[in-house]
Amino acid sequence: MDGHAKTLAIVGIDTDVGKSVVTGLIARHLHLRKKKVTTLKLVQTGCTNQSDDILLHRKLMGIPLTKHDEQGITCPYLFPLPASPKLAAKQAKKTIEAEVLDQATQVLQNEYEWLLVEGAGGLLVPLSGELLLLDYLKEKKYPLVLVTSSKLGSINHTRLSLEAIKSRQIQLLGLVYNLHNPGTPAIVQDSLNECRRALKEYGMDSPVIIMPDTGETQSINWAPLLATLV
């Protein structure tokens, strides 16, 4: 491999919106199709020893932890405080450095065909005093998958996220509408309609993938999100 792994980032409109599940399920989709794929959690807060999100990715993929997981390469920054990456790092007397993230990414890109990079929190969360998550992803030129939901506030958060993505001229592969803990049917349908409307208004010809709140999530067709990268 020459370091040219297909790389994309899975980001969310907020924290706890389902980024880790989506990342794991897309990785599973690729793994079942005999692609050599792994995931990278740039920063994990609120846990120690091993990244909870990496553990979830491997569980959804149906594989054990890899050597890169054991070596900490798939999660180069792990902090115990459940807070923003910047604050969690500060409490641990550390600073998140883009060079460290780049080094971990390069190792994985050299070993795999596909690399799925999971963000932390929302798009504009600070990694350090000088760097926001979305600006780091823009610099790397990673196309994005944006995860949203029907929870209260999601319409506003989705529009703000799309506006931030468009203003930075970042490619959006698609929007994942997560129905975990959905609201009333009226709210679910209205929020979905507003997501589709927002994509159209921002000039984004990106598919919307609905992720149901059932065990059927593992049979979702993720291909439309990946079509431009295959």
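The structure holds zero disulfides, a disulfide being a pair of cysteine sulfur atoms within 2.5 Å. C47 takes part in none, and the cysteine sulfur nearest to its own, that of C75, lies 6.8 Å away. For C75, likewise in no disulfide, the nearest cysteine sulfur is that of C47, at 6.8 Å. C47 counts as buried because its relative accessibility is 8%, where buried means under 20% relative accessible area, exposed over 50% and partly exposed in between (1.4 Å probe, protein chains only). C75 is buried as well, with a relative accessibility of 10%.

The model is predicted, so that local features need pLDDT of at least 70 and side-chain atom pairs count only at pLDDT 80 or more, while totals for chains, interfaces and linings use all residues. Residues are numbered from 1 along each chain as its sequence is written, and side-chain values use heavy atoms, with hydrogens and water left out.

A search of the whole structure for aromatic pairs finds one. Rings of Phe, Tyr and Trp (its six-membered ring) pair if their centres lie within 6.5 Å; planes under 30 degrees apart count as stacked, over 60 as edge-to-face and the rest as tilted. The pair is formed by Y77 and F79, and it is stacked because the ring planes meet at 25°, with the centres 5.9 Å apart. Y77 is buried at 9% relative accessibility, and F79 is buried at 2%.

Another aromatic residue, Y112, has K36 over its face, at 5.6 Å from the ring centre. A charge sits over a ring if NZ of Lys or CZ of Arg is within 6 Å of the ring centre and within 35 degrees of the ring normal.

Helix α7 (residues 154-167) contains T158; helices (H or I, at least four residues) and strands (E, at least two) are DSSP runs, numbered from the N terminus. With 1% relative accessibility, T158 counts as buried. A polar atom of the T158 side chain lies 2.6 Å from the backbone oxygen of S154. Leaving aside residues up to four places away in sequence, T158 touches I13, T148, L175 and C195, contact meaning heavy atoms within 4.5 Å.

A92 is located in the loop between α4 (85-91) and α5 (98-111). A92 is partly exposed, its relative accessible area being 30%. Twelve residues separate A92 from P80 in sequence, and the C-alpha to C-alpha distance between A92 and P80 is 8.1 Å.

How values were computed
Polar contact = N/O pair within 3.5 Å; in protein donor to acceptor, adjacent residues only side chain to side chain.
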